[in-house]
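Okay, thanks for coming, everyone. Let me put the model up and we'll walk through it.

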Amino acid sequence: MFNRNFSVSRLPGFGAVAVFTFVMLYLPIIILVTFSFNAGVSQAQWEGFSLQWYQAAFQNDQVRDVSIRSLWLALAASGFATVLSTLAALGTTRVGRFPGQTMIYALINQPLMVPEIVTGVALLILVAFLKVQTGYTGMGYLVAAHTAFCIPFAYLPIRARLETMDITLEKAAADLYADHWQAFRYITLPLLVPGILAGFMLGFVISLDTVVITEFVKSAGQDTLPTYMLGQLRRTITPEMNAIATLFLALSLCIVTAFFVITRKRGT
Amino acid sequence: MAEARERHGWKWLLCTPALIVLVAAASGPLMIVVAYSFLTPGNMGGVEWDFTLEAWFRVFFRRDIFDPDAITLNQAHLGVFGRSVLLSLQTTLLCAVLGFPTAWFIATRPPSSRTLWLFLITIPFWTNLLIRTFAIQEVIRNNGTINAVLTGLGVIDSPLQMMYTDFAILLGMAYVFLPLMVLPLYAAMDKLDFRLVEAGYDLYASRVQVLWHVILPLVKPGFIAGSILVFIPSIGAYVTPRVLGGGRTMMLGNLIALQFGQGRNWPLGAALAMLMLIIVVGALIFYLRWANREEARNV
């Protein structure tokens with residue numbers, strides 16, 4: 001009963017389930033993208049290729065407004081979060097244990113552990129109070145909320161980069177009479193750039209995707225692309241929504257691919 | 001010397017800006033929620049500053065409008081809790097059933113193509129949750145893909161009602177949270193020593209026996225981690241049940257949101273939010289204790 005082709009890693013049926021899972025994972029997205037190019041209104045019946053829904057999306061003032069708001073909010077929040085996370089990572093990595101470190105970790109990771117809806121209503125309460133007290137109703141609340149939410153995501157790759165960095169280079173700089181600032185400016189920072197970039201991009205994608213927190217913090221007229229879409233989903237949907245979703249998807253995909261390219265380089 | 005005195009000072013200084021933002025926009029507001037759950041609801045939303053346990057009472061019970069002493073269990077709330085826990089457990093189970101073979105499949109590919117398969121699992125995870133929920137909606141709604149195909153084939157005459165059901169929520173959550181199960185399972189399988197699997201077969205174990213007695217115990221940490229990672233966002237889900245579940249099939253997240261919207265009962269909403277947090281933290285503590293025990297046993 002000797003079987004030359006016997007493979008210890010083979011389990012019957014597992015391959016089939018895996019392929020099924022991958023198909024299930026991608027089929028809905030493929031359908032969504034496909035029907036954004038449909039000439040008709042249907043989401044199920046193909047009526048020929050057309051770019052009319054993309055045209056409609058680009059001519060829709062509201063879509064343009066919310067997209068621009070989403071992008072600059074993500075830029076601002078992720079930018080702030082990256083600067084703050086870089087500082088925090090420098091303060092908590094390669095320094096040994098110090099009193100209060102656990103508390104700092106807990107605070108940084110809190111947005112990851114608390115469900116978004118809980119953070120959302122918590123911010124709603126605070127923002128409602130501040131709006132009455134200060135009269136300020138601008139975008140500052142959303143920027144602050146998104147920044148806090150992006151910090152753990154920006155912090156992770158920066159910290160990972162710092163931990164794998166060769167510390168002897170900085171010691172060499174110190175041996176060559178570089179002061180702390182010079183060693184940081186000319187050695188640590190350039191080496192840290194890939195981590196900082198990765199953290200920034202992760203934060204950017206997270207801010208762009210955040211819907212629940214935005215929904216509860218935003219004032220009137222501060223819709224972002226996700227909250228706009230959430231509002232539209234309840235109405236009759238035309239392929240214009242598919243076109244918007246496809247563009248959004250393409251943007252996320254570009255950033256994530258760039259993120260993987262940057263973090264992969266570290267290994268080589 | 002100044003250097004000795006400031007030994008830890010600069011570390012705190014570097015962390016301070018981030019901590020200020022986190023306390024102001026994450027931890028601080030959470031404390032306010034705790035406080036609000038013990039206050040009296042205002043007329044137009046908001047609160048009156050009177051201490052009361054009424055909100056916590058109302059999480060589980062209800063009073064008769066005409067006879068305040070007649071107390072009954074709040075069936076509506078209990079129904080929502082039950083649905084939330086049940087759907088989260090079902091989601092975890094469904095993700096495990098699909099995720100295990102998928103992770104195994106990836107872990108047994110040649111190393112060169114493994115990265116690509118992993119990337120394919122990770123991509124949906126980084127694309128917008130709302131868009132993925134929208135994609136599922138397009139597939140299962142009454143004039144969506146599934147119904148169009150089935151009608152076209154003549155299998156059904158009238159569309160199957162899948163939207164606005166518990167099934168839709170289950171499907172949507174399993175769809176969006178699946179990568180969270182596959183990744184830790186893969187991490188556990190990646191470390192798996194295949195010599196042990198081989199040894200099992202050498203000792204005349206069948207495939208089922210090897211799977212059950214060798215592979216499963218070895219990848220159990222991945223299973224537990226994946227289950228926690230899927231269960232926590234499922235319990236906290238808001239967008240998926242809102243879009244796919246409609247108004248009548250609510251989950252805990254939607255019940256919380258309702259109190260801050262039409263319900264105009266902020267203290268009740270705050271108490272419900274705390275309840276959700278307690279469930280999440282409970283699941284995390286369960287996991288950490290399990291992981292510690294496991295580590296202690298293996299050392």
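So here's one to start: is A:Leu225 buried or exposed? A:Leu225 counts as buried, because there are 29 C-beta neighbours inside 10 Å; buried takes 20 or more other C-beta atoms within 10 Å, exposed 12 or fewer, partly exposed is in between, and C-beta atoms are placed from the backbone.

Quick housekeeping: this is a predicted model, where local features need pLDDT of at least 70 and side-chain atom pairs count only at pLDDT 80 or more, while totals for chains, interfaces and linings use all residues. Residues are numbered from 1 along each chain as its sequence is written, with chains lettered from A and ligands numbered from 1 in the order in which they are written.

Back to A:Leu225, which sits in helix 10 (residues 225-232) of chain A; helices here are DSSP runs of H or I, at least four residues, numbered from the N terminus. Leaving out residues up to four places away in sequence, A:Leu225 touches A:Val66, A:Ser67, A:Ser70 and A:Phe248, where contact is C-beta atoms, placed from the backbone, within 7 Å. Then there's A:Leu71: 154 residues from A:Leu225 in sequence, but 8.9 Å away in space, C-alpha to C-alpha.

Beyond its neighbours within four places in sequence, B:Met276 contacts residues including A:Pro115, A:Val118 and B:Ile235.

Key: Two residues are in contact if their C-beta atoms, placed from the backbone, lie within 7 Å. Helices (H or I, at least four residues) and strands (E, at least two) are DSSP runs, numbered from the N terminus.
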